[in-house]
Amino acid sequence: MIETADIPILYSFRRCPYAMRARMGLMIAQQKVLLREVVLRDKPDAMIKASAKATVPVMVLPDGNVIDQSIDIVRWALGQNDPKNWLKYETAADSVIEQADGPFKSALDRYKYHVRYDNADPHIERSKALTILMEWDKIIGKKGCFFGEKIGLADIAIFPFVRQFANHDRIWFDAQSIPHIHTWLAMNLESDLFTSVMHKYDKWQEGNEAIIFVAQ
């Protein structure tokens with residue numbers, strides 16, 4: 001019998017970029033959680049009761065406190081254990097993460113889901129996102145990642161959204177002159193960290209056996 005009372009619960013959805021970000025942070029921090037895979041068209045009542053925003057990821061701590069912003073989950077996890085010293089660059093990472101969560105995500109949504117927004121021109125929005133990618137391409141440069149040669153906090157926070165942007169029209173994306181972004185994206189896609197958090201799980205239902213998610 002697995003003792004689960006002292007383990008946080010994570011509501012997640014495999015393909016959601018915010019949930020990817022949270023899972024990678026938890027994985028690098030070696031933080032054990034009970035994973036509950038959500039189907040977005042049929043969200044469990046337990047998740048909705050935990051967080052009024054009712055979108056993944058949502059983490060419920062053993063004391064009942066709830067963390068329902070993905071970057072806050074990552075920072076909480078690293079606060080428990082930061083084996084790669086990612087928080088060393090937290091202040092520097094803040095500005096690019098805010099850019100990713102703000103103007104880049106706004107342009108991405110209006111590019112990929114333009115029919116949901118009044119008067120959204122996907123080509124204009126794509127250009128806005130590309131302008132930001134060009135800035136990031138200069139930041140990454142030859143060193144390979146945002147703040148050094150190894151993947152860190154800013155990289156895992158931003159990578160899922162660049163992946164989503166690239167996949168919407170991969171032929172167009174691959175033709176753009178952002179060479180450092182192309183190399184960086186490929187490195188993240190092939191990383192053991194990303195692979196380890198993309199395992200497929202069945203939809204969670206009340207009464208299901210607990211799924212322990214933790215670095216092996």
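A: What follows goes through the sheet, then the parts around it.

This is a predicted model: local features need pLDDT of at least 70, side-chain atom pairs count only at pLDDT 80 or more, and totals for chains, interfaces and linings use all residues. Residues are numbered from 1 along each chain as its sequence is written, and side-chain values use heavy atoms, with hydrogens and water left out.

The chain as a whole comes to nine helices and five strands. These are DSSP runs numbered from the N terminus: helices are H or I with at least four residues, and strands are E with at least two. Along the sequence, the pattern is β-α-β-α-β-β-α-α-α-α-α-α-α-β.

The five strands form an open sheet, in the order β4-β3-β1-β2-β5, and the pairing is mixed. Two strands count as paired if DSSP finds at least two bridges between them. At the edges are β4 (66–67) and β5 (212–213), each of which pairs on one side only. Strands of a sheet pair through backbone hydrogen bonds, either parallel or antiparallel.

β4 pairs with β3 (residues 58–60) in the antiparallel sense, over two bridges. M59 has I67 of β4 as its bridge partner. P57 belongs to the loop between α2 (45–50) and β3.

Now move to β1 and β2. These two strands run parallel and are joined by four bridges. Y11 has R36 of β2 as its bridge partner. Between the two strands the chain passes through α1, and this β-α-β crossover is right-handed. That term means that, with the strands pointing away from the viewer, the path from the first strand over the helix to the second runs clockwise.

Helix α1 (residues 17–28) packs on the sheet and touches β1 (9–12), β2 (33–37), β3 and β5. Contact here means heavy atoms within 4.5 Å. The direction of α1 makes about 145 degrees with that of β1. Such an angle runs from 0 to 180 degrees between N-to-C directions, with axes as lines fitted to C-alpha atoms, for helices over the stretch in contact. The loop from α1 to β2 holds Q30. Q30 has a positive phi of about 60 degrees, although it is not a glycine. Most residues other than glycine have a negative phi, and most peptide bonds are trans.

Buried means under 20% relative accessible area, exposed means over 50%, and partly exposed is in between (1.4 Å probe, protein chains only). Q30 counts as exposed because its relative accessibility is 51%. β2 is mostly covered, with five of its five residues buried. In a regular strand the side chains alternate between the two faces of the sheet. For β2, the residues on one side are V33, L35 and E37, those on the other are L34 and R36, and all of them are buried.

I156, in helix α6 (residues 153–168), is in contact with R21, M24, G25, V74, W86, I151 and L193, leaving aside neighbours within four places in sequence. I156 counts as buried because its relative accessible area is 0%.

Last come the nonpolar cores. A nonpolar core is a set of buried Ala, Val, Leu, Ile, Met, Phe, Trp, Tyr and Cys residues joined through side-chain atoms within 4.5 Å. The largest has 57 residues, and W136, V162, F173 and W184 have the most contacts inside it. Helix α6 gives the largest share of this core, ten residues. Apart from this core lies another, of 13 residues, which include I9, C16, V38 and V60. In soluble globular proteins, nonpolar side chains tend to be buried together. Over the whole chain of 216 residues, buried residues make up 46%.
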